[in-house]
Amino acid sequence: MVGAIRPDSADALAAIIADAASDGTRLRLRGGGSKDAIGAPTPDARIVDMRGFSGVVDYDPPELVLTVKAGTPLAEVQALVADQGQMLAFDPFDHGAMLGCADGEATIGGIVAAGVAGPTRVSRGAARDHLLGFVGVSGRGERFVAGAKVVKNVTGYDLPKLITGSWGRLAAITEVTLKVLPAPRLQRTLGVAGLDPAAAISAMARAMGSAAEVSAAAHLQDWNGAPLTAIRLDGFPSSVEARAAIITALIDGVAPVADEEAARLWPAITTAAPLPTDVPLWRIVAPAARMPDVIAAVGGRWLLDWAGGLLWLASTDDAQAIRAAAMQAGGHAMLVRADAETRAAVPALHPQPKALATLEERVRRAFDPAGVFETGRF
Amino acid sequence: MSIKMPAPDETVLARRGEIVAAMRAIVPGEGVIDKADELRPYESDALTAYRQPPMVVVLPETTEQVAAILRWCHANRVKVVPRGAGTSLSGGALPLADGVLLGMARFNRILDVDYADRLVVVQPGVTNLAITRAVEDDGFYYAPDPSSQIACTIGGNVAENSGGVHCLKYGLTTNNVLGVEFVTIEGEVLRVGGRGLEPAGLDLLGVIVGSEGLLGVVTEVTVRILPRPETARALLIGFPEVEGAGRCVADVIAAGIIPAGMEMMDKPAVHAAEAFVQVGYPLDVEALLIVELDGPAAECSHLLEEVETIARANGAVSIRISTDDAERVAFWAGRKAAFPAAGRLAPDYLCMDGTIPRRRLPDVLARMRALSEQYGLGVINVFHAGDGNLHPLILYDANKPGELEHAEAFGADILRLCVEVGGVLTGEHGVGVEKRDLMPVMFSPVDLAQQQRVKCAFDPDLLLNPGKMFPELHRCAELGRMHVHRGVLPFPDLPRF
């Protein structure tokens with residue numbers, strides 16, 4: 001790879017991007033590098049290290065809004081809000097360990113750019129739902145502002161949605177404003193062992209459709225030697241107890257999971273840790289009710305998050321076959337982890353139908369007319 | 001009417017007969033309206049100060065018809081204004097004299113209810129409330145609840161990213177829509193998102209929601225539904241001064257409580273509402289707070305106590321807690337009747353919609369009172385206190401010459417004030433015509449140009465709902481101009497549009 005460059009002001013960043021647009025250099029935007037191993041290798045791209053943009057800009061807990069520079073480490077952001085009894089409104093996580101590097105390097109900008117969302121996606125939403133505003137530099141080398149710093153805003157196009165999960169292909173994000181929420185006082189996990197995938201998905205759907213206000217629900221193929229379906233309740237203690245009673249009445253054989261075990265279980269689910277690491281790892285999003293069909297159609301080891309709406313699949317199956325199974329179920333498949341040779345050949349993001357791909361291309365050109373950010377990674 | 005729409009194109013007006021005939025060829029029978037008296041009901045939406053009969057109204061019934069209409073209009077350079085139920089408060093559906101008004105009212109079917117994945121697939125002309133009605137017997141509901149929910153359509157909600165009193169806890173429309181089918185101005189039918197939790201690729205769904213009919217015409221919507229909470233109870237809390245009410249709101253949130261709804265009314269609003277519906281609001285308070293808590297009964301009783309303690313600590317002088325659902329509904333009745341109540345205080349009113357950081361509330365209300373005196377126009381305030389979304393209602397009389405313009409100037413000053421304290425022009429009603437010319441107060445020319453380039457990616461000829469949202473429509477070619485170095489375009493291998 002071409003040497004990295006680390007700007008520390010929007011002006012410097014704008015100059016780098018404008019120069020690249022003129023001289024034909026392509027730029028790969030990078031935070032802590034925790035997700036470097038996602039997508040095709042880009043030997044010719046110059047890396048722009050965004051960690052020069054670091055620090056808290058504004059945080060007033062009762063406003064439920066946090067503004068922070070994009071290169072700030074996720075761990076720092078989480079510690080900051082936890083100190084005030086709050087949490088980010090979505091459930092971000094560090095991809096480091098999952099992709100073979102150290103934890104703690106992920107930046108908040110990288111989380112937003114990758115649209116990361118953990119188990120509570122199913123109840124609280126994803127990064128896209130809680131990015132209120134951002135400042136960025138477009139592929140034109142222009143600094144622009146989108147969204148705002150209040151929790152409720154419909155002024156102009158919702159560009160924060162578009163930038164979330166855009167993987168550095170629209171603009172370099174220098175500052176983000178995120179919604180925060182009070183952290184729950186108590187978490188309790190209930191589990192039921194031995195269900196097959198269809199029964200597990202059905203049980204999770206019943207739990208999600210009940211008045212128990214389930215925060216997260218997941219199903220592991222193998223936990224302590226047997227399949228485990230886990231249902232998590234977050235909130236005030238009296239409320240969690242009442243809701244646990246609802247789940248207990250609803251699902252046969254459900255029992256509390258000890259806190260210490262739950263504290264290992266959820267991070268393992270979040271990062272698909274129980275799955276083998278020496279085969280390609282896929283992330284399949286589809287309607288939960290259709291997920292048993294996907295599981296039946298593919299080989300490998302897997303686990304289900306998002307009440308069955310997210311399938312982490314470690315499989316040596318042919319990429320086309322995996323993508324076809326996902327599409328058949330109304331979903332899509334992203335290649336998250338594989339060796340460099342596979343990643344060079346198989347696109348990480350699920351290819352779109354032609355008309356939609358054309359429109360996406362037009363939207364990308366609206367931010368980046370010269371293609372400065374088109375490194376070939378995606 | 002101080003905000004000007006683009007001047008009609010004479011050459012298009014001259015082709016009216018041909019355009020009507022083309023529409024009739026696509027949508028037969030009563031689906032095309034061109035008689036002057038029948039166009040009248042379509043001349044405005046809920047921003048009634050602005051009126052303009054459209055050239056022709058077309059009411060298609062199928063996605064194929066919508067695609068054919070848009071394809072024809074695109075090929076013939078005719079502007080199109082989409083419309084749902086016409087309840088927009090920002091003029092989002094204001095017609096154009098030289099434009100086709102594309103009414104989506106006939107898309108009124110619920111296509112699928114799926115409890116396993118907790119979603120409903122509907123056509124865009126289905127009303128917001130009809131979705132909840134379709135699933136409530138099974139214990140579910142659709143969370144966003146704009147106050148016009150009896151009439152407003154889900155298609156309009158998608159266009160405007162509508163909110164409601166429950167969005168602090170449950171989000172706006174954008175947080176509750178899983179996918180849409182939409183038709184581009186070129187007549188291409190596309191699907192973004194679907195029944196899964198996340199769309200593939202760029203989040204085009206996220207930018208289509210709230211795009212005010214400028215990017216495409218939505219022909220199908222998939223929304224998520226939620227199980228109805230076990231219980232809901234409300235507190236009605238009166239404060240002798242606004243500051244105490246503001247502190248109470250902040251303290252409730254600081255205590256880790258996110259109420260289902262948290263609404264504030266100022267004294268004039270309380271008096272107007274009580275005179276209108278007589279629900280027993282205290283009349284001797286400066287601010288009235290309605291706090292609704294929902295969830296399991298155990299949680300509600302616990303949180304009711306906490307909120308009551310917080311309210312007393314902030315100087316509340318009256319506190320009532322609903323004992324049954326009828327009483328809870330009564331607490332809300334006055335708030336929900338605030339708009340018609342304002343209609344009894346003055347012949348006309350303008351409803352503003354800025355959002356501010358909540359900590360600035362006392363200051364903003366004081367400055368609003370000063371503006372009210374300066375302009376000599378009354379203002380009553382209702383607002384979504386939890387998320388800082390203000391709805392000042394400016395009272396005026398349109399029959400008095402110049403008073404509408406005066407009221408609009410007052411409203412613009414309020415919105416400038418919202419932006420000045422760190423807030424925004426609109427929290428849930430949309431920019432539309434109403435706030436279009438104020439966009440530069442919040443966004444720089446570079447920010448606005450970036451937004452408009454997204455518009456150009458979807459609609460390069462600017463035919464969809466022009467005159468809304470952007471104060472100036474630059475030609476897309478002008479916005480797309482790139483710096484060309486030594487006469488050579490970089491990256492010649494990339495397709496360009």
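1. Start at B:Cys351: its bridge partner in S18(B) is B:Leu393. The model is predicted, so local features need pLDDT of at least 70 and side-chain atom pairs pLDDT 80 or more, while totals for chains, interfaces and linings use all residues. Residues are numbered from 1 along each chain as written, with chains lettered from A and ligands numbered from 1 in written order.

2. S16(B) and S18 (residues 389-396) of chain B run antiparallel, joined by 4 bridges. Strands are DSSP E runs of at least two residues, helices H or I runs of at least four, both numbered from the N terminus. Two strands pair if DSSP finds at least two bridges between them.

3. Helix H15 (residues 403-420) of chain B packs on the sheet and touches S16 and S18 of chain B. Its direction makes about 160° with that of S18(B). Contact means C-beta atoms, placed from the backbone, within 7 Å. Angles run from 0 to 180 degrees between N-to-C directions of axes fitted to C-alpha atoms, for helices over the stretch in contact.

4. The sheet is open, with 7 strands in the order S15-S12-S14-S13-S17-S18-S16 (chain B) and antiparallel pairing. Strands S15 (318-321) and S16 (348-351) of chain B are at the edges; each has a single partner strand, so one side of each lacks a neighbour in the sheet.

5. Helix H10 (residues 267-277) of chain B lies across S13 (261-266), S14 (287-295) and S17 (379-384) of chain B, at about 95° to S13(B).

6. Chain B has 18 helices and 18 strands in total. Its C-alpha trace spans about 65 × 60 × 55 Å along the principal axes.

Technical notes: Contact = placed C-beta atoms within 7 Å.
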